[in-house]
Amino acid sequence: MTPGKSFEAAGVRGWLHARCLDCGGETGHHPDEPVVLASVVKVPLVLELARQVAAGQLDPADRLRVTAADRLSGTGTAGCADDVEMSLRDAAFSALSVSDNTAADLLFDRVGLDNVRSLLRELG
């Protein structure tokens, strides 16, 4: 079943774009239609964190402190009653595993939004 038919069968609208990083082959359903990245942006965020760690620019054990003023809605640290301290590595895990918006926001502060944008441009 094609992606378009799958979305139609589920009664939803959907978009899909997949590209093989080795050969450049790609497939999709409305792949060139702009969409809001939403939580998907956490993937290139963590990739940029990993690149900076590999380059020696950041230490994955460096600490983040999540305070009440930092908390955004959602899951993860948003539900904590007290301040939380965690490593960059654990913040990345929380951002990806439970879609922790606060952890992601603090990681954006650390790695730089412009660096994530640059990474996305590089990846096409």
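The model is predicted. The protein has five helices and four strands. Buried residues make up 27% of its 124 residues.

**Overall layout**

- Read along the sequence, the elements follow the pattern α-β-β-α-β-β-α-α-α.
- The C-alpha trace spans about 45 × 35 × 20 Å along its principal axes.
- The protein exposes about 8,000 Å². Carbon and sulfur atoms supply 55% of that area.
- Residues 24 or more positions apart account for 54% of them.

- Strands β1 and β2 run antiparallel, and four bridges join them.
- The hairpin has six residues between the strands.
- G24 in this hairpin takes a positive phi near 85°.

**The nonpolar core**

- In soluble globular proteins, nonpolar side chains tend to be buried together.
- The largest nonpolar core here has 20 residues. Those with the most contacts inside it are L45, L49, L64, L88, A91, L107 and V111.
- Which elements give two or more residues to this core? They are α2, β3 (63-66), β4 (84-87), α3 (88-97) and α4 (101-111).
- Helix α4 provides the largest share of the core, with six residues.

- L107 touches L45, L49, L64, L88, A91, A92 and G112, leaving aside residues up to four places away in sequence.
- L49 sits in helix α2.
- Is L49 buried or exposed? L49 counts as buried because its relative accessible area is 6%, and buried means under 20%.
- With residues up to four places away again left out, L49 touches L58, L88, A92, L107 and V111.
- L49 also shows how the chain folds back on itself in space: L49 and V116 are 67 residues apart in sequence, yet their C-alpha atoms are 8.9 Å apart.

**Salt bridges**

- How many salt bridges does a search of the whole structure find? The search finds seven.

*R13 and E33*

- R13 forms a salt bridge with E33, and their closest N and O atoms are 4.0 Å apart.
- R13 lies in the loop between α1 (3-10) and β1 (16-19), and E33 lies in the loop between β2 and α2, so the pair ties together parts that are 20 residues apart in sequence.
- R13 is exposed, at 67% relative accessible area. E33 is partly exposed, at 36%.

*R65 and D83*

- The side chains of R65 and D83 meet in a salt bridge, at 3.5 Å from N to O.
- R65 is in strand β3, and D83 is in the loop between β3 and β4. The two residues are 18 apart, and the pair links distant parts of the chain.
- R65 is partly exposed at 49% relative accessibility. D83 is partly exposed at 40%.

*R117 and D114*

- R117 and D114 form a salt bridge through their side chains, at 3.6 Å from N to O.
- Both are in helix α5 (residues 113-123). They are three residues apart, so about one helical turn separates them.
- R117 is partly exposed, with a relative accessible area of 44%. D114 counts as exposed, at 54%.

**A nonpolar surface patch**

- Which residues make the nonpolar surface patch of about 240 Å²? They are L37, V40 and L120.
- V40 lies in the loop between β2 (26-29) and α2 (42-54).
- V40 counts as exposed because its relative accessible area is 54%, and exposed means over 50%.
- V40 is exposed, whereas L49 is buried.

Note on methods:
Residues are numbered from 1 along each chain as its sequence is written. This is a predicted model: local features need pLDDT of at least 70, side-chain atom pairs count only at pLDDT 80 or more; totals for chains, interfaces and linings use all residues. Side-chain values use heavy atoms; hydrogens and water are left out. Patches are made of residues with over 30% relative accessible area and no salt bridge: like charges are joined within 9 Å, nonpolar side chains (Val, Leu, Ile, Met, Phe, Trp, Tyr) within 5 Å. Accessible areas come from the Shrake-Rupley method with a 1.4 Å probe; for residues, only the protein chains shown count as cover. Buried means under 20% relative accessible area, exposed over 50%, partly exposed in between (1.4 Å probe, protein chains only). A nonpolar core is a set of buried Ala, Val, Leu, Ile, Met, Phe, Trp, Tyr and Cys residues joined through side-chain atoms within 4.5 Å. Contact means heavy atoms within 4.5 Å. Two strands pair if DSSP finds at least two bridges between them.
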